[in-house]
Amino acid sequence: MIYIGLDLGTHGIKYHVLENLDLIERGNVPIYSDLSSNYEFYEQNPEIWRETFLELYTQFKKTYGRFIISISSTSGSVLPVDKNGIPVYNAIMYNDSRSSKEASFLNGIGEEKLNNLGYKFNSSFSLPKILWVKNNLPDVYRKTKYFLHPADFLVFLVSGQLGITDHSNALKSGFDIIEYSWPDYIEKAGIEIEKLPKVFAPTTRVYDSLALGMTDGCSSQIATGTFEIGKSLITVGSTLVIKAVSEKIVPDKLGRFYYHLNFDSKTFLPGGASNAGGVFFEKIFDELEIEAFSEKLNSDEPSKKFVYPTIHKVERFPFSCNNFKGMSDIENFDSKEELFKSAIEGLAYISKYSFDLLYDFSVKFSDSVFVSGPMFNHKPIMKLFANILNRKIVRTKFNDASYGDALLAMMKDIDLDNVRRAIKIDCLVEPNRNASFFQENYINFKKELESKLGECK
């Protein structure tokens with residue numbers, strides 16, 4: 001059987017095609033559909049999504065005949081459509097910030113429920129965007145039959161079934177993943193529940209050739225094999241993201257992280273995103289320096305100075321602070337190479353600090369950590385993380401959301417033991433047995449960091 005995973009991203013559609021457990025094709029089709037009008041508004045033209053997707057889907061039909069496809073898309077984006085599935089407005093994207101007032105209102109009216117779920121709304125969520133449409137575009141709201149997530153729109157194009165979503169996309173539209181229902185406060189806010197899609201578990205076959213997927217972030221996590229208790233994932237892109245798997249929700253009243261419901265509808269996926277990450281390195285180092293310093297990195301002994309690698313004064317995870325002043329002054333380093341090493345160590349220490357935080361919320365960790373992102377293409381960086389975390393660091397060959405979608409597509413046909421065989425290990429690095437000095441350094445990092453947190457607002 002052919003299984004296709006497809007991810008509708010911000011600027012393209014990525015796909016992976018597997019025949020049983022083996023990859024046979026992958027690709028990326030660019031999409032140019034941005035309609036941003038100012039720094040707060042970020043919209044895209046869904047008609048370009050439709051054209052690009054249907055052309056690609058037709059090609060799949062010609063090439064493979066029968067297959068099962070699963071689709072992911074950006075989390076928090078929303079598209080209003082009429083009773084025929086025709087868009088009545090542009091797609092309002094996840095990074096559109098015009099609905100911040102609506103987010104605050106929803107946090108107030110839904111406070112009790114949100115406290116139980118362990119998160120708060122902000123403008124990156126779908127539900128505040130829906131309320132913004134109601135408050136500011138009443139004609140659009142009146143014409144809307146369903147507010148869909150981008151993946152839901154493509155599901156409709158394939159299946160003809162309108163108003164269907166999965167529980168990971170539904171989360172940012174306010175879906176209660178504990179009660180498995182749309183909560184009452186949504187209607188109290190003035191939004192009719194009938195305008196929200198029906199919710200099913202990921203992997204559900206809603207059509208003979210289609211299985212529901214998850215958000216892009218969740219599907220990427222599935223791609224690395226981080227979907228069972230004890231598994232965890234560190235991703236370093238523009239930001240540092242930590243994800244894990246837990247048996248239950250233990251809400252964080254400070255809102256530093258939140259939970260998705262796993263595809264099995266039994267376990268949960270806690271995760272948080274730090275403002276530390278790749279943006280810091282891109283601002284200070286050029287590509288050649290990053291490449292050279294990464295390969296020459298000494299992973300056997302710690303630096304003498306601590307760096308919290310962020311360019312932002314606001315931090316959200318693993319602590320909340322609106323006026324964070326950082327740690328060492330980056331001007332006090334003798335060389336850029338020394339600064340680079342301290343900054344990479346900083347990422348690893350933040351990861352360990354995050355693991356400690358999640359452990360306090362009953363999240364269990366095994367002796368292995370999966371990693372993804374360009375930085376982990378360098379073995380010395382993997383070794384440094386192994387020494388600081390005192391765990392094996394595992395890099396998989398595929399970590400794109402579309403690969404995770406392909407795994408979700410096959411889960412009704414292939415047992416989980418065999419699905420695991422499709423998760424290809426690319427590199428595994430073990431910690432040194434004598435890496436205890438990194439643990440001592442971590443204690444000092446933690447003390448210095450927490451001394452700075454006393455100044456937070």
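1. Before anything else, a word on pairing: two strands pair if DSSP finds at least two bridges between them. Strands (E, at least two residues) and helices (H or I, at least four) are DSSP runs, numbered from the N terminus. With that in hand, look at V236, whose bridge partner in β14 is L240.

2. A quick caution: this is a predicted model, where local features need pLDDT of at least 70 and side-chain atom pairs count only at pLDDT 80 or more, while totals for chains, interfaces and linings use all residues. Residues are numbered from 1 along each chain as its sequence is written, and side-chain values use heavy atoms, with hydrogens and water left out.

3. Back to the strands. β13 (residues 232-236) and β14 (residues 240-244) run antiparallel and are joined by five bridges; they make a hairpin with three residues between them. β13 also runs parallel to β17 (residues 368-372), with three bridges joining the two, and here L233 stands opposite F370.

4. Now find helix α9 (residues 216-223), where C218, S219, Q221, I222 and A223 are buried. After α9 comes G225, which has a positive phi near 90 degrees.

5. The Q221 side chain reaches the backbone oxygen of A244 at 3.2 Å. Leaving aside residues up to four places away in sequence, Q221 touches T226, L233, K243, A244, V245 and L269 (contact means heavy atoms within 4.5 Å).

6. The peptide bond from F317 to P318 is cis, with omega near 10 degrees, and P318 sits in the loop between α11 (287-296) and α12 (336-360). Y180 is not a glycine, yet has a positive phi of about 55 degrees; you'll find Y180 in the loop between α7 (167-171) and α8 (185-188). S265, also not a glycine, has a positive phi of about 60 degrees and lies in the loop between β15 (258-261) and β16 (268-274).

7. How exposed are those two residues? Y180 is partly exposed, with a relative accessible area of 31%. S265 counts as partly exposed too, at 35% relative accessibility.

Technical notes
Buried means under 20% relative accessible area, exposed over 50%, partly exposed in between (1.4 Å probe, protein chains only). A polar contact is a pair of N or O atoms within 3.5 Å; within protein, one must be able to donate a hydrogen and the other to accept it, and residues adjacent in sequence count only if both atoms are side-chain atoms.
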